[in-house]
Amino acid sequence: LAAYGYLAYRLIVFDGYNTFLATFQAADVSFWLIFVIIAVLMPLNVLCEAGKWKLLLRDLEPMSIWGAQRQVYYGYVGAFVTPYQAGDYPARAMLLKEKKNWSAAVGLGLVGTVALLIVEMILGIPATWLYASYNQNIPMQYFAVAFIIVVLLFSFLPHLVRYLSYREWKSIQMQQLVKALSKFSYSRFMRVIGWSFLRYLVWFLQLALALHLCGVEMSIMQYLIAIPFYYMVIAIFPSVPLLNIAIRGTWSLIIFDTFCNNTAGITLAIVLIWAVNTVIPMMIGSLLYRNGKTK
């Protein structure tokens, strides 16, 4: 109910319907072909995340790829209505067979978040330096500090896990989490990063196609600079649900307007991606939730 209530609110306050209508009225065959490709890439996006989720929970609770996808879709419901999308992993964990595994699953999910952040930073930092050659007003020091923090966290993670494993925990949930983390090797973490990279490529292609679809014309090199920079910025500066699309739209205007002065097209592209990659999976997740368990 909260998820659909928020969706209704966004639809009521959205003021770009006239521009949307004009864009679709002028659509030709190539327009609809690109639109279908963007939509078809959404299940592939979820599949990449499901592969990562299945790998993360391999030792905790093995599952099929379909079961992992079902949990990922339901995670969109939790993420849709919570600050900083914090409800994603707890919502997924609700579909696990064993309730005692919930806390450990959330902890392992955060490992997946770190992996995705590393991918975004590795690709985003070079793009930021290149973007600075176009726009001299970028505060580079903030992104450099953020990158250093991520690297330090990544380096400190094994020591933290080792420290936790030496302690005796009365909580069964904490015991499960420490046990799961202690089995997590660097090679396995690199595979998690691999799944994150594949998902990132899907995001990149979707956004590039959406920008082109909405008349935001840029060169391939400009796409390679602006999109990684954009994804890194929204990863570093997450938002609460009521401001999510507004903040994403603001950052997109700041970044993409450097290369193409098409405010309406940039806004439409971001709204389209939000609808395809957030709203539709949330709706699917709410329909897939049956009896709370994953087969």
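**Rings and charges**

Me: Over the ring of which residue does the charged end of R92 sit?
Reply: This is a predicted model, where local features need pLDDT of at least 70, side-chain atom pairs count only at pLDDT 80 or more, and totals for chains, interfaces and linings use all residues. Residues are numbered from 1 along each chain as its sequence is written, and side-chain values use heavy atoms, without hydrogens and water. A charge sits over a ring if NZ of Lys or CZ of Arg is within 6 Å of the ring centre and within 35 degrees of the ring normal. R92 lies 4.8 Å from the centre of its ring, that of W53.

Me: How far from the ring centre of W102 is the charged end of K99?
Reply: K99 also has its charged end over a ring, that of W102. The distance to the centre is 5.7 Å.

Me: How many aromatic pairs does the structure hold?
Reply: Rings of Phe, Tyr and Trp (its six-membered ring) pair if their centres lie within 6.5 Å; planes under 30 degrees apart are stacked, over 60 edge-to-face, the rest tilted. The total is 10.

Me: Which residue forms a tilted pair with Y230?
Reply: Y230 is in α10, and its partner is in α11, 26 residues apart. The two are buried. At 5.5 Å and 45°, the partner is F256.

Note on methods:
Helices (H or I, at least four residues) and strands (E, at least two) are DSSP runs, numbered from the N terminus. Buried means under 20% relative accessible area, exposed over 50%, partly exposed in between (1.4 Å probe, protein chains only).
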